[in-house]
Amino acid sequence: MVAGHFNSVIDLDPGDGVAMHTSAGNADAFVVRLGGDGAYKWSQSWGGTDYDQINAVVIGPGRRIDVAGRFTGTADLEPGAGVTQVVSKGQSDDFFAILRPSTGLW
């Protein structure tokens, strides 16, 4: 499992395949799931018009994926096609999410 943040456009497939993601703002958060052999399984990215990042990722009970991060401004914290818009209450706010191991969705 690899997680972090990026800006602009990034290919999150480390192999010959292509998994392009485009940030919605200054930087978006991402998670990449790799197999035991390092092969690409899936990736998700999410964020808003400002700065979004992942600070920690762990494999939890039942192989779920737990992520913790921070965002500023307004962010869409729903990975994938859904929308869950939140507005930070100060300069920046933290978030915690549990992702499905098979898809990376909530």
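## Strands and the model

Strands here are DSSP runs of E, at least two residues long, numbered from the N terminus. Met20 gives one example, as this residue lies in strand E3, residues 20–22. The model is predicted.

Now zoom in on one pairing. Strand E5 covers residues 40–48, and strand E8 covers residues 74–76. These strands pair in the antiparallel sense, over 2 bridges. Gly47 has Asp76 in E8 standing opposite.

## The sheet of three strands

Another open sheet has 3 strands, in the order E6-E7-E10. Its pairing is antiparallel. Which strands stand at the edges? They are strand E6 (52–59) and E10. Each has a single partner strand, so one side of each is left without a neighbour in the sheet. On average, neighbouring strands of this sheet are turned by 20° against each other, with direction ignored.

E7 and E10 run antiparallel, and 7 bridges join them. Ile65 stands opposite Leu99 in E10. Gly69 stands opposite Phe95 in E10.

## Two faces of E10

Look at E10 from each side. Its covered face holds Asp93, Phe95, Ala97 and Leu99. Its uncovered face holds Asp94, Phe96 and Ile98. Phe95, from the covered face, has a relative accessibility of 9%. The cut-off for buried is under 20%, so Phe95 counts as buried. Asp94, from the uncovered face, has a relative accessibility of 52%. Exposed means over 50%, so Asp94 counts as exposed.

## Aromatic rings

How many aromatic pairs are there? The count comes to 3. Phe71 and Phe95 form a tilted pair. Their ring centres are 6.5 Å apart, with 50° between the planes. Why is the pair called tilted? Planes under 30 degrees apart count as stacked and those over 60 as edge-to-face, so the rest are tilted.

Phe71 lies in strand E7 (residues 65–71), and Phe95 lies in strand E10 (residues 93–99). The pair therefore ties together parts that are 24 residues apart in sequence. Phe71 is buried, at 4% relative accessibility. Ring pairs also bring in Trp46: they link Trp46, Phe71 and Phe95 into a cluster.

## Salt bridges

The count of salt bridges comes to 2. In one, the side chains of Asp94 and Arg70 meet at 2.9 Å, N to O. This pair links distant parts of the chain, with Asp94 in strand E10 and Arg70 in strand E7, 24 residues apart. Arg70 is partly exposed, with a relative accessible area of 35%.

Asp66 and Arg64 also meet in a salt bridge through their side chains. The distance is 2.7 Å, N to O. Is Asp66 buried or exposed? Asp66 is buried, with a relative accessible area of 9%. Arg64 counts as partly exposed, at 30% relative accessibility.

## A nonpolar patch

Val9, Val18 and Met20 make a nonpolar surface patch of about 300 Å². Met20 has a relative accessibility of 48%. Partly exposed means between the buried limit of 20% and the exposed limit of 50%, so Met20 counts as partly exposed.

Most residues other than glycine have a negative phi. Ser8 has a positive phi of about 70°, although it is not a glycine. Ser8 counts as partly exposed, at 48% relative accessibility.

Arg63 lies in the loop between E6 and E7. Arg63 is not a glycine either, yet has a positive phi of about 65°. At 55% relative accessibility, Arg63 counts as exposed.

Note on methods. Residues are numbered from 1 along each chain as its sequence is written. This is a predicted model: local features need pLDDT of at least 70, side-chain atom pairs count only at pLDDT 80 or more; totals for chains, interfaces and linings use all residues. Side-chain values use heavy atoms; hydrogens and water are left out. Two strands pair if DSSP finds at least two bridges between them. Helices (H or I, at least four residues) and strands (E, at least two) are DSSP runs, numbered from the N terminus. Rings of Phe, Tyr and Trp (its six-membered ring) pair if their centres lie within 6.5 Å; planes under 30 degrees apart count as stacked, over 60 as edge-to-face and the rest as tilted. Buried means under 20% relative accessible area, exposed over 50%, partly exposed in between (1.4 Å probe, protein chains only). Patches are made of residues with over 30% relative accessible area and no salt bridge: like charges are joined within 9 Å, nonpolar side chains (Val, Leu, Ile, Met, Phe, Trp, Tyr) within 5 Å. Accessible areas come from the Shrake-Rupley method with a 1.4 Å probe; for residues, only the protein chains shown count as cover. A salt bridge is a side-chain nitrogen of Lys or Arg within 4 Å of a carboxyl oxygen of Asp or Glu. Axes are lines fitted to C-alpha atoms, for helices over the stretch in contact, and angles run from 0 to 180 degrees between N-to-C directions.
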